[in-house]
Amino acid sequence: MRDALKEIGVFVKHLLSVRDLKKEDVLSYFRKIEKMEEEVRKGRTNLLEDKIIATLFFEPSTRTKLSFQTAAKRLGAQVVNFNADASSLKKGESLMDTIRIIDGYVDAIVIRHEIEGAARFASEIATHPVINAGDGANQHPSQTLIDLYSIKKLRGKISGLNVTLFGDLKHARAMHSLFYGVAMFNRNIALVAPPGLSFDERTVEEVETEFGVKVTVKEKPEIDDCDVLYVCRIQKERFSDPYEAERVKKEFMLTQETLKKAKKDMIILHPLPKIDEIAHEVDSDSRAKYFQQAQLGVPVRMAILADLFGKV
Ligand code: NCD
């Protein structure tokens, strides 16, 4: 079906990986997000009133699923939700058949799956747009657009910043995606991870070569010259040994003490959920911007959805 559509010149747009995007694409998203923020201020729009969007989440989600659903509804679209635990997958149906069927019902599919490459696989089967809402430890492109837009909006600029990525870089798809995203705009990137939990060498080399950035690996965040401190949790569910995850977690926490030397205009971001890696006292620090960042999920995802259909 997809090949037949391709033959007659029908082009289907997807959002699968930040690696598929260029700096100009991100800047173009920024303009679309600003338009969507304006739409949100005005209320509900009808840009996608003839569309039905399916959300298929095979892994837990609060923000990503609900903000995609909210974004779709604010655009006037309807949403159908797939519950993996109560579906025919439980009877043994393949992911391929599941996608093929849902693709026949709806106009776009938002998918989160534990297998790396699952969203791209879905896009090969589907005749409609597919959005990757997280595939294993690999990619989470809509989160990266939220993160980059948050940096621009909450720090006031997107380039020329010292950015520190702090946490379980090895297992966090939000970090893998963001690494490419920040490298498009910034030259100085520091990586801080517990032993054995940084990016693999290939990923670092790829980003350094492609973007000409200087990546430094540190044991602890050197906070004094940092402009953006991006934290993520230890991704316990991706550890083969859960005790190891617990051990690492205990040694790894951002406190008010850590922030003493930080710049006044530094911002702290986090994709959330946060567990123990940020002390509660930090939430009330004016530099902690993660709750505002999460709110930007709706206009950013409105822009992503509207863009897929050429409506913004
Ligand atoms: C992230 C995810 O699922 O990758 N959450 C999110 O989408 N905001 C981060 C995480 O779970 O740590």
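In the predicted model, Phe166 stands opposite Val192 in strand E6. This position belongs to the pairing of strand E5 (residues 162-166) with strand E6 (residues 188-192), which run in the parallel sense and are joined over 5 bridges. In general, the strands of a sheet pair through backbone hydrogen bonds, in either a parallel or an antiparallel manner.

Strands E5 and E6 form part of an open sheet of 5 strands, arranged in the order E7-E6-E5-E8-E9 with parallel pairing. Strand E7 (214-218) and strand E9 (267-269) are the edge strands of this sheet, each pairing on one side only. On average, neighbouring strands of the sheet are turned by 20° against each other, direction ignored.

The model also contains a ligand, around which lie Thr64, Arg112, His140, Gln143, Arg173, Arg233, Gln235, Pro271, Leu272 and Pro273. By class, this shell comprises 3 nonpolar, 4 polar and 3 charged residues. Both domain 1 (2-140 + 296-308) and domain 2 (142-294) contribute residues to the shell, and the ligand therefore lies between the two domains.

The side chain of Arg173 places an N or O atom 2.7 Å from an oxygen atom of the ligand, and for the side chain of Arg112 the corresponding distance to a ligand oxygen atom is 3.0 Å. Leu272 takes part through its backbone, of which an N or O atom lies 3.0 Å from a nitrogen atom of the ligand. On its own, the ligand has 310 Å² of accessible area, and the protein covers 94% of this area.

Terms used. Residues numbered from 1 in each chain as written. Predicted model: local features only at pLDDT ≥ 70, side-chain atom pairs only at ≥ 80, totals over all residues. Heavy atoms only, no water. Near = heavy atom within 4 Å. Polar contact = N/O pair within 3.5 Å; in protein donor to acceptor, adjacent residues only side chain to side chain. Areas by Shrake-Rupley, 256 points an atom, 1.4 Å probe, with all protein chains shown as cover. Nonpolar A, V, L, I, M, F, W, Y, C, P; charged D, E, K, R; others polar. Domains from an automatic or database assignment. Pairing = 2+ DSSP bridges. Helix = DSSP H or I, 4+ residues; strand = E, 2+ residues; numbered from the N terminus. Axes fitted to C-alpha atoms, helices over the stretch in contact; angles between N-to-C directions.
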